[in-house]
There are 4 protein chains.
Amino acid sequence: MHIAMDAASLNAFMHAEFPQVAAQFRVERIAPMEADVRLMVDEQHLRPGGTVSGPSMFSLADLAMYAVLLGMIGPVALAVTTNASIDFMRKPEAGRDLIGRARLHKLGKTLAVGDVLIVNEGSEAVLARASMTYAIPPRR
Amino acid sequence: MHIAMDAASLNAFMHAEFPQVAAQFRVERIAPMEADVRLMVDEQHLRPGGTVSGPSMFSLADLAMYAVLLGMIGPVALAVTTNASIDFMRKPEAGRDLIGRARLHKLGKTLAVGDVLIVNEGSEAVLARASMTYAIPPRR
Amino acid sequence: MHIAMDAASLNAFMHAEFPQVAAQFRVERIAPMEADVRLMVDEQHLRPGGTVSGPSMFSLADLAMYAVLLGMIGPVALAVTTNASIDFMRKPEAGRDLIGRARLHKLGKTLAVGDVLIVNEGSEAVLARASMTYAIPPRR
Amino acid sequence: MHIAMDAASLNAFMHAEFPQVAAQFRVERIAPMEADVRLMVDEQHLRPGGTVSGPSMFSLADLAMYAVLLGMIGPVALAVTTNASIDFMRKPEAGRDLIGRARLHKLGKTLAVGDVLIVNEGSEAVLARASMTYAIPPRR
């Protein structure tokens, strides 16, 4: 099972396609059926008390799944999320980046299914767990 | 079943507690076990092609559940989402606000469970459907 | 939006295709994008204490979605569940049937998405809420 | 992190508490925050064509989470599932047992959250993936 795009290519692709979003994230690692993506936490992601907001964690899970999918199939900008289920378990620590570790369980012709574990950088405690399904548009 | 906070009180509370978030949303209606919340769509919510991003729809679902919960139990800033499951079904239309219609199915002492239907203003087609669980902190 | 199969046709179809399963259920009502299905609760569905088991409620949600889907598109035995998300909120009462009320939100060519509310017969309290996605096989 | 009940104790406990259910399952392994549970597939779990039914896979996921939870906290018969989200990805093969591999991500005082991967015995292909939340009753 080979990789279609590496981390550098993915970062370049996302900066070209979604510049506002891509500025907040960095793909750190692409491996067969796996990706690690960093959310560079700043003011816009925080809630009072310094914790990272739920929608910011949702964004990270979504982007990590998108990264592993494109890592496997190449640049398909129009892949879209059809289902996401997230459990929020622990509060993120203030002032530390978040890492989303995505793993694909199924890569079909029209659907891809995987899950994402979100941790604080340098910690193993799972802050949130997401399962995501992406619809892959027909390729010409 | 009476209401603890009406729409005006909720909008005031959210502007005081979460000013950045509250500026994007407006609680339109609170009724027993129900709330309607508007996402005032602007540039920050859009993806290329003009559609509203998934994380923006997640935020709307989350805020609509928070609104119906606080509408029933009063101002409890620290209620937190523990689980969210979303189906994305249709692309939002560009240039129109989104409405999230939340309904509580269970309001227990420690957990509240409900769902949210997201539509474009003036349309009945469901764009996304979310179910959400909130943990309610013990009250003193 | 017209109905492809009514309740009587659906009950006959399911008895022919899935006799063991169909003996436990009865489609009570089919309307555009809606179906009500009864689980005829007996010993096999109970847990100690007399409550209906979680897997039995899952089966009811699954069958209610299958019923509304076939009610709309006709007898497609091979439609399969791809995602299900269930919140269990209240214990069913012993000795009363369960009703699953399914509603389709999207009926596409390859995917159907809907939700199901489960109540005890004669009660409005929601015992469980499920969202389900079915994959529809290509039609010849 | 020590184990409160091993696989043999769990099997004995479940046979005493839920004899009908327990006859279909066997806890194979308990480790810190992990459990493997086997569904001994027979006629009652099959759908036409020989595939294992969705509700049977739901039951396995549910029981595997219950096993890892009790493995960690000891015999608490009344722990109940509050949320389950399942992705069904591949058809099980006929005539082979299923293994559910559960992993706890959070073990709190009142809630436990984990996920379960379901495979055919002797295969690594993930057939279904479930995330489950259990409510733990207050201990006296």
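1. Two strands pair if DSSP finds at least two bridges between them. Strands (E, at least two residues) and helices (H or I, at least four) are DSSP runs, numbered from the N terminus. By that rule, strand 3 of chain A and strand 3 (residues 80–88) of chain B pair in the antiparallel sense, over 5 bridges. A:Ile86 stands opposite B:Ala84 there.

2. The model is predicted: local features need pLDDT of at least 70, side-chain atom pairs count only at pLDDT 80 or more, and totals for chains, interfaces and linings use all residues. Residues are numbered from 1 along each chain as its sequence is written, while chains are lettered from A and ligands numbered from 1 in the order in which they are written.

3. The sheet is open and has 12 strands, ordered 1(A)-2(A)-4(A)-5(A)-6(A)-3(A)-3(B)-6(B)-5(B)-4(B)-2(B)-1(B), with antiparallel pairing. Its edge strands are strand 1 (25–31) of chain A and strand 1 (25–31) of chain B.

4. Strand 1 of chain A is joined to strand 2 (residues 34–39) of chain A by 6 bridges. In that strand 2, A:Val37 is the bridge partner of A:Val27.

5. Now the A–B contact. 18 residues of chain A are in contact with 18 residues of chain B (C-beta atoms, placed from the backbone, within 7 Å). Strand 3 of chain A gives the most to chain A's side, with 9 residues.

6. Helix 3 (residues 54–73) of chain C has 20 residues. Of these, 19 are buried (20 or more other C-beta atoms within 10 Å of a residue's own, C-beta atoms being placed from the backbone). C:Gly74 follows the helix, with a positive phi near 90°.

Terms used. The expected span of a helix is 1.5 Å times one less than its number of residues. A residue is buried if 20 or more other C-beta atoms lie within 10 Å of its own, exposed if 12 or fewer, and partly exposed in between; C-beta atoms are placed from the backbone. Two residues are in contact if their C-beta atoms, placed from the backbone, lie within 7 Å.
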